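This report examines side-chain packing in a single protein chain.

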Amino acid sequence: MKALGKRSLSTILAIVINITWWLEWIAGTVLIVSVIIAAFYKKDVRLTVPVSFSGVNFKTVGSVTQAVPGGQLQVMNGNFAFPIDVTLQNTLLIIAGVVMAFSVVLLTTYQLKIIFRNFRTNQPFNKLNIPRIRNVGILLIGISILQWVFNIAINLFLIAHFKWDQGVKLTYHFDVSCIIPGIIIIIIAEIFRRGFVMEEDNTLTI
């Protein structure tokens, strides 16, 4: 199967991205509507947030043979669920968080949508693709930074409102899983820029 043009791999990916784009809109809308409905019909909602913390021995696991000693199950991260009152302030904060998260995801998907639309029309070195590819890389780096800021904000809230016993200490985890792909994509954007310059030079030479 060819990579570019009609009936190519890029066409299939463009279709997948378009479907993902609409699914993201639906998921975001459903989530926001659910929060608003909960504000009218519930006194409190159960909020679940990811947390990372210092290693804690959760359970001693016994051995079935003498050759292998028993072990300890150590926990360092997970989800923490707690109820919060459904006030106007809390509802607006949750909606703001959902909107911010989905905005970043939608912006990233939108950039990919336009890029693959040009790939489908056999225009990989379209000049407008270069900033779009770069934007995807910047958005991925931004996601890691936002996750880190969110982690700090949640930890400060949890420390202020809950007692953490048994030596549990919340930690500030910085996730680089989006930063590395973001840097790679920015480098790819530079490769596309040079490819566009070379294509322009060839056109002028002809």
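The model is predicted: local features need pLDDT of at least 70, side-chain atom pairs count only at pLDDT 80 or more, and totals for chains, interfaces and linings use all residues. Residues are numbered from 1 along each chain as its sequence is written, and side-chain values use heavy atoms, with hydrogens and water left out.

Rings of Phe, Tyr and Trp (its six-membered ring) pair if their centres lie within 6.5 Å; planes under 30 degrees apart count as stacked, over 60 as edge-to-face and the rest as tilted. By this rule there are six aromatic pairs. The pair of F80 and F162 is edge-to-face, because the ring centres are 5.1 Å apart and the planes stand at 85°. F80 belongs to strand β2 (residues 71-85) and F162 to the loop between α3 (129-161) and α4 (179-205), so this pair ties together parts that are 82 residues apart in sequence. One aromatic cluster comprises F80, F82, F157 and F162.

## Chain architecture

The chain has four helices and two strands, in the order α-β-β-α-α-α from the N terminus. These elements are DSSP runs numbered from the N terminus: helices are H or I with at least four residues, strands E with at least two. Of the 206 residues, 28% are buried.

## Nonpolar cores

A nonpolar core is a set of buried Ala, Val, Leu, Ile, Met, Phe, Trp, Tyr and Cys residues joined through side-chain atoms within 4.5 Å. The largest has 13 residues, of which I133, V136, L140, I143 and I185 touch the most other members. Helices α2, α3 and α4 are the elements that give two or more residues to this core, and α3 gives the most, with six. Apart from this core lies another, of 10 residues, among them V49, F53, I154 and V168.

## The surroundings of T108

T108 lies in helix α2 (residues 88-120) and is buried, with a relative accessible area of 9%. A polar atom of its side chain lies 2.9 Å from the backbone oxygen of V104. Not counting residues up to four places away in sequence, T108 touches V136 and L139, where contact means heavy atoms within 4.5 Å. With the same exclusion of residues up to four places away in sequence, I143 touches V104 and C178.

How values were computed: Buried < 20%, exposed > 50% of the residue type's maximum accessible area, 1.4 Å probe, protein only. Polar contact = N/O pair within 3.5 Å; in protein donor to acceptor, adjacent residues only side chain to side chain.
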